[in-house]
Amino acid sequence: MLEGWPVIAPHAILALCGGLIFCLGAFWQRRPSGLLWWLALAASLAAGLAALGGPVSATYQGMLDVGLYGRLFTALIALVCLLALLLLKRYAALRGFAGEELYGLMLLAGLGMALTAGAAHWLIFFLGLELLSICLYILLAMRKGSSESTEAGLKYFILGAVASALVVFGIALIYAAGGSMLIAPSLAAASGTGHGALTLLGLGLVLTGLAFKLSLAPLHVWTPDVYQGAPAPITAFLAAGSKAAVMAVLVRLCALMPGNLWTYWVLALWGLAALTMLATNLSALREERVKRLLAYSSAAQMGYLLMALVGARYGGLVSALFFLCAYALMDLGVFGLVTVLSPHDGDLNRLDELRGLSRRHPWLAACLALCLLSLAGMPPTGGFVGKLFLFTSVLKAGYPVLALLGALAAAMAFYYYFKLVAVMYMGEPSGEPAPSGPKPAAGAAEALALAVIAVALLWLGVFPAWLHGLAGAAVATLGG
């Protein structure tokens, strides 16, 4: 029964340590301060190392991808967990919600993300998606006494429940058409059984549910409200980890999609990509609150990623994987800096609060500017190289109109990214403290996380070949 279990060591570490943290919190009332945080941090690091260096196999029991593709995403999600925990340490302690619930749920959410990204079976996919969603519902509302945090958790819960219902109904239709719960055979069956229409309807429902999780237009309207109300480091965790896991599913579906369904599938991706890029960037142009602006920005980046999936038959999947890794770092960086710059009794809110930041905290301003320039696609950053790959893929696939819309959306995005940079570097300090209290400098854990993110973004911009090659090898294991 336990044959081959070392290949799922990363998942086992996250599950066992998450459970251990809950037990320690419940039964060891006088535990040393910070022990649970250190345990969660060690578990994330161990899971990442196990994903990178553990034994290799194609699948575990035929249900979970533990080959290069699954391992790449497990390692990425472990890194996201680790960096989010570093950003969370002081923030949660100052606001009084650090504890076993927070750290245990972070690890279990990471487990849900890893299962979702590596699912080769529809049941594993749904269980992973539900595990990460349930943990995130609670994490978003974790800040006790904050009505905004409670509202964010409630909104995400209600809309997420609807999305889950659509996904499970879509899976049922795909199973009815293909007769298999394994993802690859269920899709392959659609090309020979005459049930292509039923499979397509099921895939449409699954795509609708995933579009909600990815904040794709027109299902993105929850994003600014939830991001605004959630604690800033939890927002970073949601924006980077959850979207990476769900996008991994879309990449897998694109790689396995049979030819007779691809014609309809690619049309849906084309429309969603165009609508998301334009709608979210137009909304961001009018936004004056930092977290809401970054929420629209995060949704817009998903539109660029969909553009690469349209070119899946021409190297777009490799481009999407590269950009997804860079995106996770960029969003962790910008929301991590919002965490550091937030006053003790709230989160950074207005653009004016960034005025003159370069004079007060020059290194934090430089780090935030680097992440924003990477999101805008400026060299020499990982965001620039990633967008270069995305646009090249969609042009190779023969979709110049979509590439033109993407370029128009990117031009709009330049305005609001550079508006933020200009406020930091060209605006005079207001001279008045923020209404909600002083802004602290970064602690050691936060500084370490931000330094890792900044170095990684520059590294990807200057030396992109190794990650691009790794992404290509991972996609090859899917048959894409």
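Val385 is buried, with a relative accessible area of 7%; buried means under 20% relative accessible area, exposed over 50% and partly exposed in between, computed with a 1.4 Å probe on protein chains only. The residue sits in helix α16 (residues 382-396), where helices (H or I, at least four residues) and strands (E, at least two) are DSSP runs numbered from the N terminus. Leaving aside neighbours within four places in sequence, Val385 is in contact with Phe322, Leu460, Gly461 and Pro464, contact meaning heavy atoms within 4.5 Å. Its C-alpha atom is separated by 9.2 Å from that of Ala326, 59 residues apart along the chain.

A word on the source: this is a predicted model, in which local features need pLDDT of at least 70 and side-chain atom pairs count only at pLDDT 80 or more, while totals for chains, interfaces and linings use all residues. Residues are numbered from 1 along each chain as its sequence is written, and side-chain values use heavy atoms, with hydrogens and water left out. The mean pLDDT (the predictor's confidence in each residue, from 0 to 100) of the protein chain is 91, and 95% of its residues reach 70 or more. Over residues 433-438 the pLDDT is below 50, and this stretch has nine contacts in the model beyond near neighbours in sequence.

Helix α9 (residues 222-229) is largely enclosed by the rest of the structure, because seven of its eight residues are buried. Those seven are Trp222, Thr223, Pro224, Val226, Tyr227, Gln228 and Gly229. Their cover includes α5 (122-140), α6 (147-178), α8 (196-213), α10 (232-256), α12 (290-310) and α13 (316-341).

Helix α19 (residues 465-476) buries Leu467, Ala471, Ala474 and Val475. These residues cover an arc of only 95° around the axis, which puts them on the same side of α19; the arc is that of the directions from the helix axis to the C-beta atoms. Among the elements covering them are α3 (68-95) and α18 (444-462). The face turned away from the buried side carries the exposed residues Ala465 and Ala476.

Another residue worth a visit is Thr280, in helix α11 (residues 259-285). At 0% relative accessibility, Thr280 counts as buried. A polar atom of its side chain lies 2.4 Å from the backbone oxygen of Thr276. Leaving aside neighbours within four places in sequence, the contacts of Thr280 include His220, Tyr296 and Ala299.

What about the cysteines? A search of the whole structure finds zero disulfides, a disulfide being a pair of cysteine sulfur atoms within 2.5 Å. Two cysteines are set out here.

Finally, some backbone features. Most residues other than glycine have a negative phi, and most peptide bonds are trans. The peptide bond from Ala217 to Pro218 is cis, with omega near 5°, and Pro218 lies in the loop between α8 and α9. Ser215 is also found in the loop between α8 and α9; this residue has a positive phi of about 60° although it is not a glycine, and is buried at 0% relative accessibility. Gln61 has a positive phi near 55°, yet is exposed, with a relative accessible area of 55%.

Technical notes:
Polar contact = N/O pair within 3.5 Å; in protein donor to acceptor, adjacent residues only side chain to side chain.
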